[in-house]
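Subject: Structure for you to look at

Hello,

Here is the structure I promised to pass on. Please open it first, then read my notes below.

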Amino acid sequence: MTIYPAIDIKGGRCVRLTQGRADQETIYANNPADIAQQFHAAGSAWVHVVDLDGAFAGEPQNDAVVKEIAALGLKVQLGGGLRTRAAVERAFALGVTRVV
C-alpha cells in the first residue's frame with residue numbers, strides 16, 4: 001500500500017483551508033519542507049503537494065518551496081495551477097515526479 005501524505009502550500013507556508021476558502025486557513029508550519037522531512041523520516045516515499053496560490057492564480061506560485069521539498073529525496077506529486085505545458089515542464093525541472 002502506498003500512502004500519500006499531503007502538504008498544502010499558501011503564502012509559502014503549510015496550511016489547511018476551511019471548506020476550500022482561501023480566506024479561512026489554519027497554518028500548520030512556516031516551512032513546508034520541515035513537514036515533508038518529517039513524512040520522509042517516518043518512511044514515506046511520496047508526498048502530495050498542492051500549490052494553493054497557484055490553484056487560485058492559475059499558475060504556480062510556490063516553486064522555491066516545491067524545489068526544496070523535492071530536494072529532500074521524496075517523490076513529489078504536485079497540483080495547483082498547472083494549466084499549461086510550460087507550467088508542467090517547470091514543475092518537472094524543479095524535481096517533481098508526477099503532476100496532477
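Contact here means heavy atoms within 4.5 Å. Keep in mind that this is a predicted model.

Val66 touches Ile9, Val49, Leu78, Leu94 and Val96, leaving out residues up to four places away in sequence. Val66 sits in helix α3. Its relative accessible area is 2%, so Val66 is buried, the limit being under 20%. Ala41 is 25 residues from Val66 in sequence and 18 Å from it in space, C-alpha to C-alpha.

Next, the helix pair. Two packed helices are described by the angle between their axes and the distance between the axes. Helix α1 covers residues 32-41 and helix α3 covers residues 63-70. The two pack at an angle of about 25 degrees, and their axes are 9 Å apart. That angle makes α1 roughly parallel to α3, because angles under 35 degrees count that way. The crossing of α1 past α3 is right-handed.

Which residues meet there? On the α1 side they are Pro32, Ala33 and Ala36. On the α3 side they are Val65, Glu68 and Ile69. By class, this contact has five nonpolar residues, one charged residue and no polar ones.

Setting aside neighbours within four places in sequence, Ile69 is in contact with Pro32, Ala33 and Ala36, among others. The list also includes Ile7, Ile9, Val47, Val49 and Val76.

In soluble globular proteins, nonpolar side chains tend to be buried together. Here the largest nonpolar core has 21 residues. Ile7, Val49, Ile69, Val76 and Leu78 have the most contacts inside it. Which elements give two or more residues to this core? They are β1 (6-10), α1, β4 (46-51), α3, β5 (75-79) and α4 (85-93). The largest share, four residues, comes from α3.

Ser44 lies in the loop between α1 and β4. Leu74 lies in the loop between α3 and β5. Are they buried or exposed? Ser44 is buried, at a relative accessible area of 15%. Leu74 counts as buried too, at 4% relative accessibility. Beyond its neighbours within four places in sequence, Ser44 is in contact with Ile3, Pro5, Phe39 and Leu74. Leu74, counted in the same way, touches Ser44 along with Ala36, His40, Ala45, Trp46 and Val47. Val100 is 26 residues from Leu74 in sequence and 17 Å from it in space, C-alpha to C-alpha.

Then there is His48, in strand β4. His48 is buried, with a relative accessible area of 18%. Not counting residues up to four places away in sequence, His48 touches Tyr4, Pro5, Ala6, Ile7, Gln77 and Val100. His48 and Leu74 are 26 residues apart in sequence, and their C-alpha atoms are 10.0 Å apart.

Two more residues, taken as a pair. Val15 is in strand β2 (residues 13-18). Gln19 is in the loop between β2 and β3 (21-29). Val15 is buried, with a relative accessible area of 1%. Gln19, by contrast, is exposed, at 76%. Gln19 has another feature to check. It is not a glycine, yet its phi is positive, at about 50 degrees.

What is Val15 in contact with, apart from neighbours within four places in sequence? The contacts are Asp8, Lys10, Glu25, Thr26, Ile27, Tyr28 and Leu52. Take Leu52 from that list. It is 37 residues from Val15 in sequence, but 9.2 Å away in space, C-alpha to C-alpha.

Best wishes

Methods: Residues are numbered from 1 along each chain as its sequence is written. This is a predicted model: local features need pLDDT of at least 70, side-chain atom pairs count only at pLDDT 80 or more; totals for chains, interfaces and linings use all residues. Side-chain values use heavy atoms; hydrogens and water are left out. Axes are lines fitted to C-alpha atoms, for helices over the stretch in contact, and angles run from 0 to 180 degrees between N-to-C directions. Angles under 35 degrees count as roughly parallel, over 145 as roughly antiparallel, 65 to 115 as roughly perpendicular and the rest as oblique. A crossing is left-handed if the near helix is turned anticlockwise from the far one by less than a right angle, and right-handed if clockwise. Ala, Val, Leu, Ile, Met, Phe, Trp, Tyr, Cys and Pro count as nonpolar, Asp, Glu, Lys and Arg as charged, and the others, Gly among them, as polar. A nonpolar core is a set of buried Ala, Val, Leu, Ile, Met, Phe, Trp, Tyr and Cys residues joined through side-chain atoms within 4.5 Å. Buried means under 20% relative accessible area, exposed over 50%, partly exposed in between (1.4 Å probe, protein chains only).
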